Amino acid sequence: MMKSPNFLIIGVQKAGTTSIYRYLKQHPQVYLSPVKETNFLEKDWEQRIASGESENSTKINTFEQYCQLFSGVEDEIALGEASPNYLFHYKTAIERIKRYVPDAKLIAVLRNPTERAHSDHLMHIRDAIGSPKVKSLSEQVKFSAHKSFILRKGFYAQQLKHFYEQFDREKIRVYLYEDLCKDSISFMQEMYRFIGVDDTLKPDTSRRAQTAQVPKNQSINRMLRKQNPLRTAVASTLKVFLPEEKRQAVRQSLINLNSADKSQAALSQEERALLVDLYREDILELQELIDRDLSNWLKV
């Protein structure tokens, strides 16, 4: 009999979901998909493939492949996966969740959208995502807020209200990233309670999953991270002398040498003011929706 998840982490990116994924895996009664961010419920991959469009990058394009991720379940009682873009892609994700895992509990971890956008922006710079020159947040707010994924992902109330309309509210739990930062053990024990496992376990939360960094020189960063003729030529030469593992270690060392702490790219006062103003109405709607005081998110 094929098994499928009975809980999903639906959002959001840059709100500690990688750390939470690791903390959940520490619990003996929890089984998590070995692939974080399966993205299977995000879009109708079968239809997209049939029409000649791109596949899911994780190659989990059918329900059978999705269930195969849970073939290793033994006696765990909470089976889950974390794909933090489900919240953002609510229009298609809700339909697919109702079709494939209608009884699953839904978890959203939300972060101050201004801070989330800044963290996402730094990730795009660090990982050389998109065009060679990533537009500043102020440019995105002023000229492309309606089409910037970095910015649009922060309109939580706009997205979350559709889940409340389609699912029993008792099956949806919203957590705040700042609570994870304040007391990670209590945060996780409350999540354990929600998914129905022993909530007395204290996970080891001493290690954070990611340390944010920014490149000192973006041209060097793109050369090291993106495929290009120079990188290909150097890799071909090194292949003669070094195995794959060693070559990747050298590349990572060079990336580290070209990296600085994210404090070197702090959010400017102008950008913060623009972002707070952009999200103001959604924040006010969200605090009514989830019954939490979010006034701190409105501070400039």
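Student: In this predicted model, does Arg-96 count as buried or exposed?

Tutor: The model is a predicted one, and the burial class of a residue follows from its relative accessible area, with buried meaning under 20%. For Arg-96 the relative accessibility is 1%, which lies under that cut-off, so Arg-96 counts as buried.

Student: Which side chain meets that of Arg-96 in a salt bridge?

Tutor: A salt bridge here needs a side-chain nitrogen of Lys or Arg within 4 Å of a carboxyl oxygen of Asp or Glu, and the N to O distance for this pair is 3.3 Å. Arg-96 lies in helix 4 (residues 90-100) and its partner in helix 2 (residues 45-50), so the pair ties together parts that are 50 residues apart in sequence. The partner is partly exposed, with a relative accessible area of 26%, and the side chain in question is that of Glu-46.

Student: How many residues apart are Glu-270 and Lys-142, which form a salt bridge?

Tutor: The closest N and O atoms of Glu-270 and Lys-142 are 3.1 Å apart, and Glu-270 is itself partly exposed, at a relative accessible area of 43%. Glu-270 belongs to helix 14 (residues 269-290), whereas Lys-142 belongs to helix 6 (residues 137-143), and the pair thus links distant parts of the chain, 128 residues apart.

Student: Which helix holds Lys-161, the residue whose side chain meets that of Glu-285 in a salt bridge?

Tutor: The side chains of Glu-285 and Lys-161 meet with an N to O distance of 3.6 Å. Glu-285 counts as partly exposed at 36% relative accessibility, and Lys-161 is partly exposed as well, with a relative accessible area of 29%. Glu-285 lies in helix 14, and the pair ties together parts that are 124 residues apart in sequence, because Lys-161 lies in helix 8 (residues 156-166).

Student: How many salt bridges does a search of the whole structure find?

Tutor: Salt bridges also occur as a network, in which Arg-173, Glu-190, Arg-193 and Asp-199 are linked. With the whole structure searched, the number of salt bridges found is 13.

Student: How many charged residues are in the lining of the largest cavity?

Tutor: The largest cavity has a volume of about 30 Å³, and its lining consists of Val-12, Gln-13, Pro-84, Asn-85, Leu-87, Phe-88, Lys-153 and Gln-159. Since Asp, Glu, Lys and Arg count as charged, Lys-153 of this lining falls in that class. By class, the lining has four nonpolar and three polar residues, and the number of charged residues is one.

Key
Residues are numbered from 1 along each chain as its sequence is written. This is a predicted model: local features need pLDDT of at least 70, side-chain atom pairs count only at pLDDT 80 or more; totals for chains, interfaces and linings use all residues. Side-chain values use heavy atoms; hydrogens and water are left out. Helices (H or I, at least four residues) and strands (E, at least two) are DSSP runs, numbered from the N terminus. Buried means under 20% relative accessible area, exposed over 50%, partly exposed in between (1.4 Å probe, protein chains only). On a 1 Å grid over the protein atoms alone, a cavity is a set of points where a 1.4 Å probe fits but cannot get out, and a pocket is an open set with protein on both sides within 12 Å along at least five of seven lines; lining residues have an atom within 4 Å of a point. Grid points are joined across faces, edges and corners, and a volume is the space filled by probe spheres set on the points.
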